[in-house]
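Please read them with the structure open.

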Amino acid sequence: MALPQLMNAFDTLKEQAKDAIWALSSCLCQQSARVKINGRTFSILKVLGEGGFSFVYLAQDELSDRQFALKKIRCPTGSEGVKEAMREVEAYRRFRHPNIIRILDSAVIQDPDGEGQIVYLFLPLYKRGNMQDAINSNVINGKYLSEKDILRVFKGTCEAVRAMHDYHTSSSAQATSSTGGLAGSSSRTQTSAEHHSDDEEGDELLPHPEGDGEGGYSYKSSVNVPLVTKRRVQEGEVMFDGDERSSTSSPSNGGQAGKGQHVPYAHRDIKPGQGFTNIMLADDGTPILMDFGSTVKARIPIETRSQALLQQDIAAEQSTMAYRAPELFDVKTGITLDEKVDIWSLGCTLYAMAYSHSPFENTQTTEQGGSIAMAVLNAQYKHPSSQYSQSFRELIDMLLKVNPKERPDIHQVIELTDRLLQSLS
């Protein structure tokens with residue numbers, strides 16, 4: 001392993017240890033850890049998930065007693081790390097769809113230990129957990145999800161992915177961007193933290209515990225969502241330009257109205273879940289896609305070997321191996337990576353919902369020293385004997401084609417899923 005990689009690994013372990021000790025000490029002392037952000041105090045009740053430089057906590061506003069998920073991203077590298085974290089914030093704000101999580105607020109503060117900065121993301125709390133939690137529960141109880149239930153969750157997830165793959169900049173946002181102006185936005189700098197909220201008053205930005213019918217988040221109807229956002233990271237002098245986005249959304253058109261340029265995005269890490277991530281389940285069972293830290297503009301031409309190796313490294317760091325598309329394991333020159341990487345991940349996810357694990361996490365790869373990468377590159381998997389229909393299995397097989405050109409696009413996947421659902425009704 002190269003020295004920079006060793007240093008990065010050491011930094012990651014160090015930051016994880018800090019948060020783990022903080023969470024553990026609060027449990028041992030029989031009292032909640034507390035954090036003060038934007039003049040408000042929050043009790044940290046427990047850890048919901050972790051990964052890399054980030055932890056997700058169950059947090060409670062001490063003033064209103066509302067609970068929500070607080071994602072804490074440490075940025076020991078300073079302004080560059082903050083800029084990277086803020087890309088995730090902007091991704092949450094870019095896509096407006098009932099099956100995509102809605103960020104409630106964000107803040108950038110100086111690390112109290114004096115090492116870099118911390119980005120906080122305030123997210124709705126989904127008490128049912130994620131899809132992987134449901135899978136694990138069924139395994140423990142000897143149950144399984146019905147084909148219809150799987151397809152309903154899968155379709156909602158696909159609708160979220162379509163909003164990303166079919167993303168269009170709005171023509172009005174493009175016009176505003178070209179003049180360098182802001183559309184209904186305001187930028188506020190605070191002494192202790194930079195505060196980024198979709199609610200100027202602040203009191204109503206936190207989610208109500210009961211959630212609502214569109215995915216568990218709560219907004220005041222008077223909120224004016226900016227088409228273009230510009231935010232300055234305090235002390236780092238890094239200007240962050242938000243991407244243009246449509247001001248309204250509709251599931252039927254991928255969440256875009258007043259379409260401008262088509263700029264598809266790829267999620268690149270779709271999976272049932274791990275900790276408080278990926279496909280969450282609202283109280284009514286609606287799937288909610290989240291965890292956009294790996295999201296990129298989907299279409300990336302690969303012209304040189306160095307570009308290919310860079311994309312491999314990014315995928316190795318940000319995309320879970322057992323759900324990663326084969327073209328991201330061995331990136332070739334002379335190709336264009338695109339949104340079909342998500343179609344592969346959706347195929348792995350659909351398989352996992354049926355059989356409780358990725359098609360490439362089997363006895364050979366997990367217990368007998370086999371290679372998940374080789375299994376993926378050769379699409380080596382089998383369907384266990386089950387109660388699921390042949391058409392259901394064929395849908396999985398269509399998505400798990402090694403050649404991305406042979407995979408259906410997201411519109412075709414939704415159409416095929418609809419047909420299967422209709423045959424089951």
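**Notes on the predicted model**

1. Alanine 33 stands opposite isoleucine 44 in S2. The pairing behind this is that of strand S1 (residues 33-37) with strand S2 (residues 40-51), antiparallel and made over five bridges. Two strands are taken to pair if DSSP finds at least two bridges between them. Helices (H or I, at least four residues) and strands (E, at least two) are DSSP runs, numbered from the N terminus. S1 and S2 form a hairpin with two residues between them, and asparagine 38 in that turn has a positive phi of about 55°.

2. A word on the basis of these notes: this is a predicted model, in which local features need pLDDT of at least 70 and side-chain atom pairs count only at pLDDT 80 or more, while totals for chains, interfaces and linings use all residues. Residues are numbered from 1 along each chain as its sequence is written, and side-chain values use heavy atoms, with hydrogens and water left out.

3. For the protein chain as a whole, there are 11 helices and 17 strands. Of its 425 residues, 51% count as buried, where buried means under 20% relative accessible area, exposed over 50%, and partly exposed in between (1.4 Å probe, protein chains only). Among contacts with a separation of 6 or more, 68% are between residues 24 or more positions apart; contact means heavy atoms within 4.5 Å.

4. The antiparallel pairing continues from S2 to strand S3 (residues 54-61), over eight bridges. Here phenylalanine 42 stands opposite aspartate 61 in S3. S3 is in turn joined to S4 by seven bridges, again antiparallel, and serine 54 stands opposite isoleucine 73 in S4. S3 and S4 form a hairpin with five residues between them; in its turn, aspartate 65 has a positive phi of about 70°.

5. How many residues of strand S4 (residues 67-75) are buried? Eight of the nine are, so S4 is largely enclosed by the rest of the structure. Lysine 72 stands opposite tyrosine 120 in S6.

6. Next, the helix packing. Two packed helices are described by the angle between their axes and the distance between the axes. The axes of helix H4 (residues 147-165) and helix H11 (residues 410-424) come within 9 Å and cross at roughly 160°. That makes H4 roughly antiparallel to H11. Axes are lines fitted to C-alpha atoms, for helices over the stretch in contact, and angles run from 0 to 180 degrees between N-to-C directions; under 35 degrees counts as roughly parallel, over 145 as roughly antiparallel, 65 to 115 as roughly perpendicular and the rest as oblique.

7. The H4 side of this contact includes Leu151, Phe154, Cys158 and Val161, and the H11 side includes Ile410, Val413, Ile414 and Leu421. By class, the residues of the contact of H4 with H11 divide into 10 nonpolar, three polar and seven charged. Ala, Val, Leu, Ile, Met, Phe, Trp, Tyr, Cys and Pro count as nonpolar, Asp, Glu, Lys and Arg as charged, and the others, Gly among them, as polar.

8. H11 also packs against H10: their axes come within 11 Å and cross at roughly 175°. H10 and H11 are therefore roughly antiparallel to each other. Ser391, Phe392, Leu395, Met398 and Leu399 in H10 meet Val413, Leu416, Thr417 and Leu420 in H11. This contact of H10 with H11 has seven nonpolar, two polar and no charged residues.

9. Valine 161 is found in helix H4 and is buried, with a relative accessible area of 0%. Leaving aside neighbours within four places in sequence, valine 161 is in contact with Ile270, Leu289, Asp342, Leu346 and Ile410.

10. Glutamate 339 sits in the loop between strand S17 (335-337) and helix H7 (340-355). At 12% relative accessibility, glutamate 339 counts as buried. Not counting residues up to four places away in sequence, glutamate 339 touches His165, Pro264, Ala266, Ala298 and Arg299.

11. Two further loop residues deserve a look. Aspartate 291, although not a glycine, has a positive phi of about 65°; aspartate 291 is in the loop between strand S14 (287-289) and strand S15 (296-297) and, at 13% relative accessibility, counts as buried. Alanine 379, also not a glycine, has a positive phi of about 50° and lies in the loop between helix H9 (372-377) and helix H10 (390-399).
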